[in-house]
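Here is a set of questions and answers for someone meeting this structure for the first time.

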Amino acid sequence: MGSTVIRLTFHCEPCKKILNLVDFDRIVHRRGVFGSILQTGTIALGDSFAITEEKCEPIPYSVTDRIRWFLSKGQASGAAVDLVYALGLPVSSATSIPRLLQKISGLWAS
């Protein structure tokens, strides 16, 4: 898009406000998509975009698998706020991150 290269990553997790208004099954494949910037650049209104042939490592869809994958990359401190932001989770899920980390911690212990 413009001179910027963006990698689409995964669907946004719906927040509680949205889930109070609509059933999750109605929006499961109709949500926004997060992306990460692979090459910075300028994007202007009206710029065209193209899909490239570049292939990236797939990012797991389930939250638990996504946390395992993300932490295995050594890209975050493991702080709940860092994970929530990097994984595209609702801010309200930050309180559940410590439990999820305890649940999956056996992965690195073995």
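Q: Which residues are exposed on the other side of α5, and what makes them count as exposed?
A: In this predicted model, R99 and Q102 are the exposed residues on that side of α5; the word applies to residues with over 50% relative accessible area.

Q: What are the buried residues of helix α5, and why are they said to line one face?
A: Helix α5, residues 97-104, has I97, L100 and I104 as its buried residues, the term being kept for values under 20% relative accessible area. Looking down the axis of α5, these buried residues fall within an arc of 60°, so they line one face of the helix.

Q: How do you know which face of α4 is buried?
A: The buried residues of α4 are A80, L83, V84 and L87. Viewed down the axis of α4, they fall within an arc of 100°, and they therefore line one face of the helix. The face turned away from that buried side carries the exposed residues V81 and Y85, while what covers the buried residues includes β1 (5-11), α3 and α5.

Q: Why are α3 and α4 called roughly perpendicular?
A: The axes of helix α3 (residues 63-72) and helix α4 (residues 80-87) cross at roughly 105° and come within 11 Å. Angles of 65 to 115 degrees count as roughly perpendicular, and the pair is therefore described in that way. On the α3 side the contact is made by R66, I67, F70 and L71, and on the α4 side by L83, A86 and L87; by class, these are six nonpolar, no polar and one charged residues.

Q: Why does the word roughly perpendicular also apply to α3 and α5?
A: Helices α3 and α5 pack at an angle of about 75°, with their axes 10 Å apart. The range for this term is 65 to 115 degrees, and α3 and α5 are therefore roughly perpendicular to each other. In this contact V63, T64, I67, R68 and L71 of α3 meet I97, L100, L101 and I104 of α5, a set that divides into seven nonpolar, one polar and one charged.

Q: What makes up the largest nonpolar core, and which element gives the most to it?
A: The largest nonpolar core has 14 residues, and those with the most contacts inside it are I67, F70, L83, V84, L87, L89 and I97. Two or more residues each come from α3, α4 and α5, and α4 gives the most, with four residues.

Technical notes:
Residues are numbered from 1 along each chain as its sequence is written. This is a predicted model: local features need pLDDT of at least 70, side-chain atom pairs count only at pLDDT 80 or more; totals for chains, interfaces and linings use all residues. Side-chain values use heavy atoms; hydrogens and water are left out. Buried means under 20% relative accessible area, exposed over 50%, partly exposed in between (1.4 Å probe, protein chains only). The arc is that of the directions from the helix axis to the C-beta atoms. Axes are lines fitted to C-alpha atoms, for helices over the stretch in contact, and angles run from 0 to 180 degrees between N-to-C directions. Angles under 35 degrees count as roughly parallel, over 145 as roughly antiparallel, 65 to 115 as roughly perpendicular and the rest as oblique. Contact means heavy atoms within 4.5 Å. Ala, Val, Leu, Ile, Met, Phe, Trp, Tyr, Cys and Pro count as nonpolar, Asp, Glu, Lys and Arg as charged, and the others, Gly among them, as polar. A nonpolar core is a set of buried Ala, Val, Leu, Ile, Met, Phe, Trp, Tyr and Cys residues joined through side-chain atoms within 4.5 Å.
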